[in-house]
Amino acid sequence: MTSSAINAPADAAPEPPPLSDRLRQTVLPRLVTGLILLLMWEIAVRLLAPPFVARPSSVVAIAPKVLTDPKFLAATGSTLLAVAEGLVISLILGTLTGLAIGRSRIAEKALLQHVNFFYAMPMIVILPLFSLWFGYSAATRIATIIFASIFAIVMNVADGARAVPGEYLEVARSFRAQRLRMLFEIVLPSSMPYLLAGVRLAGGRALIGAVVSEFFLSIGGLGYYILYNSRSYHHSEAFVGVLLLAAFGVGFEVLVGWCTRRFMPWYRRGAN
Amino acid sequence: MSAPSAPAAQPAHADSARIRVRSLGKRYGALEVFRNIEFDVGAREIVAIVGPSGCGKTTLLRCIDGLLPHDTGDIWVGDARVEEPIAGVAMVFQHFGLFPWKTVFDNVAYGLRMAGAARTEIERKVPEFIKMVGLAGFEKAFPYQMSGGMQQRCGLARALAVEPSVLLMDEPFAAVDAQTREILQFELLRIWQERPTAMIFVTHSIEEAVLLGHRVIVLKGRPSSIHEIVEIDLPGPRTRATLQLPRFAELRERVWGTLMREAREAEFQLERA
Ligand SMILES: Nc1ncnc2c1ncn2[C@@H]1O[C@H](COP(=O)(O)OP(=O)(O)OP(=O)(O)O)[C@@H](O)[C@H]1O
Ligand SMILES: [Mg+2]
């Protein structure tokens, strides 16, 4: 209990520095570096590369056409949907497994080594196996996404479940909470910050899993769109896809951060 | 209500005892914490427990709450033998033990929810107890938004909300500042007057023990056992005026003397070691 937490309003945050200062000190240098890099890229491609190689001006020029192309939108939708499905499955199964590992010695002994092993294993080596089991199909893509994302969640939730303050469990026992309710009403919410850290990792890995499996399986989706267009010398179109993927990665991070602030206002590092 | 003439060996409250502790012993592996602890707590009695740090006060309370198994002896609450947490006993924790992800309302409702109370009952009772501890208007606040004193008010409301017949308090005011502590002591006395229960109140403060307790149990030794039970024959209801009574000072000195003799012995033991 820190005295600074006393009566602090819910949305108390350190005063941000004035906008003009921030512009000068962080945004401006970043912008300048970015522009220089883009310029170098543009010049290098114009001087040294064949005309089909993507350069900033060609990507910007083609972007509106690509972003309104129904085929591109369908590909993007298919990839995002697969990522969302895979993440939901990973979230549910991963959380349950993580809780078990964190709270039961037997489950920990039985599962933890395997989880560590699979987490460390590059998803690219499991892909051929999955394609044998599930065929060159969307099922293999989902399996890869789950494989890529679930272990990050399991490990984080297990850490969180292990780190539940003993006092919370004691309070729950003192009020005669049943074991299952204790698991889902005390251990789970207490592990929430860990869970979200896991989801943040899992999101990036799921996206990679989707794209890599589309490369490998040649099934429709944003990854395949990128592969197909770069093979057919439509580098600029491919690059729009790449940028969109990067935007999804960043967007997901922002979304998780927003969820943390919105649904866990109580969670502060150092508070409590 | 306590009979001042009753000799200490025959507690006046024995007939209406809510808690009965008999030849209780507890060890952690090789460390024997206490042995042969015996006392009763009446249904409308506050028993304060004082003793040097590490003498096993928290351990004793956790045994009585059924959170910890004991090794020898028996604990009875009413007709029930305590082996695990039983209904009708509620604990207030030193570090509040509030769930940071729950609002004041949900924290106070926790005990009722675990007891399977109906939604309507929860919606009726929780505000009542929030008001009783002076937290009205803070129903939606989270623990991190409140001072230590307010957090412990919430902890108290959570315990009171299950309408227990036994309240166990483990240094509930040790983690708040001195002024808040004084305020909370009198609030607790007021609430207890409204709804008397059997209460065991563990504290480091002799003043607090004498102010709140109808009897003060002094634990001593290693392993510790009950050194003395001091009857606190101060008139009730206790208020700020109680602190000014000559009898209050006398009793405080008496408990102080007992404890300090104990502390000196412990000090010499350390020096010899
Ligand atoms: N889980 C445990 N395992 C082993 N030893 C323990 C455990 N809990 C407490 N002890 C030891 O038992 C003794 C009594 O501890 P306890 O916390 O009950 O004392 P206390 O009287 O409440 O102390 P304080 O006044 O500092 O709160 C101490 O020596 C402590 O180190
Ligand atoms: Mg203690």
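A nonpolar core is a set of buried Ala, Val, Leu, Ile, Met, Phe, Trp, Tyr and Cys residues joined through side-chain atoms within 4.5 Å; buried means under 20% relative accessible area with a 1.4 Å probe, protein chains only.

**Ground rules.** I'm reading a predicted model, where local features need pLDDT of at least 70, side-chain atom pairs count only at pLDDT 80 or more, and totals for chains, interfaces and linings use all residues. Residues are numbered from 1 along each chain as its sequence is written, chains are lettered from A and ligands numbered from 1 in the order in which they are written, and side-chain values use heavy atoms, without hydrogens and water.

**Cores.** I looked up the largest nonpolar core and found 94 residues in it. Ile186(A), Phe39(B), Ile64(B) and Ile200(B) have the most contacts inside it. Helix H6 of chain A (residues 138-162) gives the most to this core, 13 residues. (Helices are DSSP runs of H or I, at least four residues; strands are runs of E, at least two; both are numbered from the N terminus.)

I then checked Ile64(B), setting aside neighbours within four places in sequence. Ile64(B) is in contact (heavy atoms within 4.5 Å) with Ile19(B), Val21(B), Phe39(B), Ile75(B), Val82(B), Leu168(B) and Ile200(B). Another core, of 56 residues, lies apart from the largest one; Val50(B), Val104(B), Leu160(B) and Phe173(B) are among its members.

**Four-strand sheet, chain B.** I read the order as S2-S1-S4-S5, an open sheet with antiparallel pairing. Two strands pair if DSSP finds at least two bridges between them. S2(B) (31-42) and S5(B) (80-81) each have a single partner strand, so one side of each has no neighbour in the sheet. Between S1(B) (residues 17-28) and S4(B) (residues 72-77) I find five bridges. Val21(B) has Ile75(B) as its bridge partner in S4(B).

**Six-strand sheet, chain B.** Here the order is S6-S7-S8-S3-S9-S10, again open, with mixed pairing. S6(B) (89-92) and S10(B) (225-231) stand at the edges. S6(B) runs parallel to S7(B) (residues 166-170), joined by four bridges; in S7(B), Val166(B) is the bridge partner of Val89(B).

**Helix pair, chain A.** How far apart are the axes of H2(A) and H3(A)? I get 5 Å, at an angle of about 70°, for H2(A) (residues 56-68) and H3(A) (residues 70-103). Axes are lines fitted to C-alpha atoms, for helices over the stretch in contact, and angles run from 0 to 180 degrees between N-to-C directions. The pair is therefore roughly perpendicular (65 to 115 degrees). Val66(A), Leu67(A) and Thr68(A) of H2(A) meet Pro70(A), Phe72(A) and Leu73(A) of H3(A).

How values were computed. Parallel < 35°, antiparallel > 145°, perpendicular 65-115°, else oblique. Buried < 20%, exposed > 50% of the residue type's maximum accessible area, 1.4 Å probe, protein only.
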